[in-house]
Amino acid sequence: MENTTQESPDRFDESSSPKANETESEMSFVETLDVCSRGLFMIRHFLGRFASKQVLNYISLAVPVTVLPWPIKILIDHVVLATPIAGATGYPPVMQPLLDYLSGSSPPEILAVIVTIWIVTVLLVGGYAPGDNARDETEAYLAQGHDIATRVENRLHSAHSYVGGLYGYIEFRIHMRLTQAANHFIRSKLFRHIKSLPMSVLNERRIGDSVYRVMYDTPSITSMCYDIAARTFMATAVLFVGLATFISAYPNNPDLVWLAVLVYPVFLLLSVPFANATRKRGQASRVAGATTTSTVEEGMDNILAVQSLGGNQNEKSRFGTDSEESFKKFRGVIWIGTVVGQFIGGSYTVIVAMVIFYTSAQIIEGTMTPGDYGALLYYFKWLRGPTRAMGLTWIELQSHAAGIRRVFSVLDLPSEKEMGNVQLPSVERGVSFESVGLVYPDGRRALSEISFKADVGQIVAIVGPTGAGKTTLASLIPRYLVATEGRVLVDGHDVRDVSLESLRRQVTYVFQETKLMSDSIADNIRFGNPGAEFSEVERVARIAGAHEFIDQLPDGYDTKLGTTSSKISVGQKQRIAIARGLLRESRILILDEPTSALDPETENYLVAALHEAARDQLVVVIAHRLSTIAQADNIVFLEDGRFLESGSHADLMAIEDGNYRRFVDLQTRAVRSA
């Protein structure tokens, strides 16, 4: 028979491990641009809602800088100082209709009109005043801590409008729906991809790290999209509108125009030198946060070992160290932001001082009015927002880029490869192994030259000492692992030639490590066959020896697992898992140590039930217990990854100095001595 050799597509190269990349390499400028551009490209899935938000956002930013400074000038010049409004200068064209309407009005009449306009404005868009946090905005942020994870809750549901009133509420609602939809999309995409990774990759990943990426790294993409679009594009557009309005109002004062233009490059140049440091600290903070999450997950998952070995103090110390490191790394992020903010704040103060000095001189000379002083101060106060946002965008992108990189590093891992497209029909004959071998990526050989057949209608027991390769061999059937040598055939079809979906639809694998969902017992049993009737659930539970203890629970089959009132033993969990495998009714059933936690009576009952099931199925049992093995139709004995013998229990025991016979004798003597 031909012996084909190929590299397994499920090999895992540690050099491509996301964790290795994130802890050992730094993000370059080019890589930062790459991950940001990939994240920005995801806007296409929500283009309509994103465009609506940006239009509303643009209006809420552009209208104030275009209109609001000038009522201040009107009040000072034409109400307080009672200067006639006809022929007044220093206003942009957009204000001309209002000036024409007010022309000839007395100061009290002008005041009444301005107050009316302000009242309507407050109802529609809230109140405005110069300075930070001095205007109505619409937002709903939660309390947050000083680490990445606690701040992500705000990003997951963040929504904001630069105005209040009815307009702000509408914009806020659109923004919140957009944020939640986008985060759900990205989070679900990453979760689906993680589940599609090969077993060899999943076995190398820490569960806590994957949880951190799904929960806390994915919002970086939506935050980055909003920062680039809203801060850079939107602020730039609003800045040009403001400058155009400013120039139209003061066409003969180029010095003022240059002061206004100067704000943007000054803020940007001050932030650029801190980009690399921000990127490094953001990356370190996320890795430290993921480590803390993994420590919590591992400690809880292994709580029995921790308790039995007196490791509570060690776990407390380990968690304390990781948690402290997480906060420490985040403080580095905050420190950079504080330093940059101080530099930008200082430069802004210098520019405003220059504006005050210049305007005061112009008023003294009579070329400008006192009202211009109020309008200009308001204008430059407002201008600080979009220009500061643009200056900080590149800085904040560095922290987001670290999270985006962690998301894409997992999304870039190859899913299980669809090596073939043949649709496997219902299995009628069974499985054949032809000179099968398997070498792990690190060079360790797991299996060598294994050839045997397992037919439908049989119970086939795979037997051997610990480390013989039993589970590895069984994993080749559903293609959790792919043979590097030889062929695994199902009804004559090489498993590499059939589609994964059609292959795994016909194979049910009940693993030795029993994992149940936090759901009812009935739904746990139905997991592989959600449409099964309750009578079928009860039938397989009886076969697996689980019905009796389930029936004694207060809520019976409706008992929710994972609660304090539903504590069940390891053996009981194993029976539920076996029932779950039986209910799926696939053509090939693989049970890894199914009787290891069963009492002898339940074991005999289960084995008898498996013989009944084997009339229409191939049942593969990986076992150590002689009472289970002896009742198999065919026993395949492995040692050190090599096939040594096969046959019934009686046939193999008849071989003098046989490997299986020696294995049984050792087990029998161990039982007698016990």
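Predicted model: local features only at pLDDT ≥ 70, side-chain atom pairs only at ≥ 80, totals over all residues.

Guide: Residues 1–17 have pLDDT below 50. That stretch still has 40 contacts in the model beyond near neighbours in sequence. Over the chain, the mean pLDDT is 80. Residues at 70 or more make up 87% of the chain.

Now the helix pair. Two packed helices are described by the angle between their axes and the distance between the axes. Here the partners are α6 (residues 107–125) and α8 (residues 165–195). Their axes come within 2 Å. The crossing angle is roughly 20°. Angles under 35 degrees count as roughly parallel, so α6 is roughly parallel to α8.

Which residues meet? From α6 come Val122, Leu123, Leu124 and Val125. From α8 come Gly165, Leu166, Tyr167 and Gly168. The contact of α6 with α8 has 6 nonpolar residues and 2 polar ones. No charged residue takes part in this contact.

One more site, elsewhere in the chain. Gly658 sits in the loop between α25 (649–653) and α26 (659–673). Its relative accessibility is 2%. Buried means under 20%, so Gly658 counts as buried. Glu645 is 13 residues away from Gly658 along the chain. The C-alpha atoms of Glu645 and Gly658 are 8.2 Å apart.

Key: Residues numbered from 1 in each chain as written. Heavy atoms only, no water. Helix = DSSP H or I, 4+ residues; strand = E, 2+ residues; numbered from the N terminus. Buried < 20%, exposed > 50% of the residue type's maximum accessible area, 1.4 Å probe, protein only. pLDDT = per-residue confidence, 0-100. Contact = heavy atoms within 4.5 Å. Axes fitted to C-alpha atoms, helices over the stretch in contact; angles between N-to-C directions. Parallel < 35°, antiparallel > 145°, perpendicular 65-115°, else oblique. Nonpolar A, V, L, I, M, F, W, Y, C, P; charged D, E, K, R; others polar.
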